[in-house]
Amino acid sequence: MVKRTIHKITLDQPARYEIKVPGRVDVSWALRNEWQTIFDEGDDQSSPVTTLTGTVDQAGLQGALRRLYAHGLPLISVLRVENS
């Protein structure tokens with residue numbers, strides 16, 4: 001029998017998130033805001049994608065999303081991922 005652990009999502013508890021946006025986000029933006037940055041250069045047919053990964057609470061996630069919006073970067077996806 002496999003025991004499943006249920007993690008309750010709360011506003012104040014940090015969780016790991018992965019945000020994908022088109023193009024290249026300046027690495028200094030990510031470092032300044034405690035987000036790890038991974039660049040996917042894409043292929044000849046597609047544009048590059050930046051993946052930002054960080055462990056933040058809901059306020060930190062909202063702040064990051066607002067900064068991306070202010071810089072005119074549309075979201076491709078926002079995922080909550082399990083900590084490894």
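How many bridges join strand E2 to E3, and in which sense do the two strands run? The legends below take up this pairing after an overview of the chain.

**Figure 1. Overview of the predicted model of the protein chain.** The chain holds 2 helices and 4 strands. Along the sequence these elements follow the pattern β-α-β-β-α-β. The chain has 84 residues, and buried residues make up 25% of them. Of the contacts between residues at least 6 apart in sequence, 70% join residues at least 24 apart.

**Figure 2. Confidence along the predicted chain.** The mean pLDDT of the protein chain is 80. A value of 70 or more is reached by 76% of the residues. Among the elements, strand E4 (residues 77–81) has the highest mean pLDDT, at 94. Helix H1 (residues 27–32) has the lowest, with a mean of 62.

**Figure 3. The open sheet of 4 strands.** The strand order is E2-E3-E1-E4, and the pairing is antiparallel. E2 and E4 are the edge strands, each with a single partner, so one side of each has no neighbour in the sheet. On average, neighbouring strands are turned by 20 degrees against each other, direction ignored. Helix H2 lies across E1, E3 and E4 and runs at about 10 degrees to E1.

**Figure 4. The pairing of E2 with E3.** This view answers the opening question: 5 bridges join strand E2 (residues 36–40) to E3, and the two run antiparallel. Within this pairing, Phe39 has Thr50 of E3 as its bridge partner. Thr37 has Leu52 of E3 as its bridge partner.

**Figure 5. Strand E3 and its pairing with E1.** E1 and E3 pair in the antiparallel sense over 8 bridges. Of the 8 residues of E3, 7 are buried, so this strand is largely enclosed by the rest of the structure.

Figure 6. Is Thr51 buried or exposed? Its relative accessibility is 9%, and because the cut-off for buried is under 20%, Thr51 counts as buried. Lys20 stands opposite Thr51. Leaving aside neighbours within four places in sequence, Thr51 is in contact with Glu18, Ile19 and Lys20, and also with Gln36, Thr37 and Ile38.

**Figure 7. The largest nonpolar core.** Which residues form this core? There are 11: Ala15, Tyr17, Ile19, Val21, Val25, Trp35, Leu52, Val56, Leu61, Ala64 and Leu68. Strand E1 (15–22), strand E3 and helix H2 (58–70) each supply at least two of the core residues. E1 gives the most, with 4 residues. In soluble globular proteins, nonpolar side chains tend to be buried together.

**Figure 8. Close-up of Val25 and its contacts.** Val25 is one of the residues of the largest nonpolar core. Not counting residues up to four places away in sequence, Val25 touches Thr37, Phe39, Thr50 and Leu73. Two of these residues, Phe39 and Thr50, are bridge partners of each other. Thr37, also touched by Val25, is the bridge partner of Leu52, and Leu52 is itself listed in the core.

Key: Residues are numbered from 1 along each chain as its sequence is written. Side-chain values use heavy atoms; hydrogens and water are left out. Buried means under 20% relative accessible area, exposed over 50%, partly exposed in between (1.4 Å probe, protein chains only). Contact means heavy atoms within 4.5 Å. A nonpolar core is a set of buried Ala, Val, Leu, Ile, Met, Phe, Trp, Tyr and Cys residues joined through side-chain atoms within 4.5 Å. pLDDT is the predictor's confidence in each residue, from 0 to 100. Two strands pair if DSSP finds at least two bridges between them. Axes are lines fitted to C-alpha atoms, for helices over the stretch in contact, and angles run from 0 to 180 degrees between N-to-C directions.
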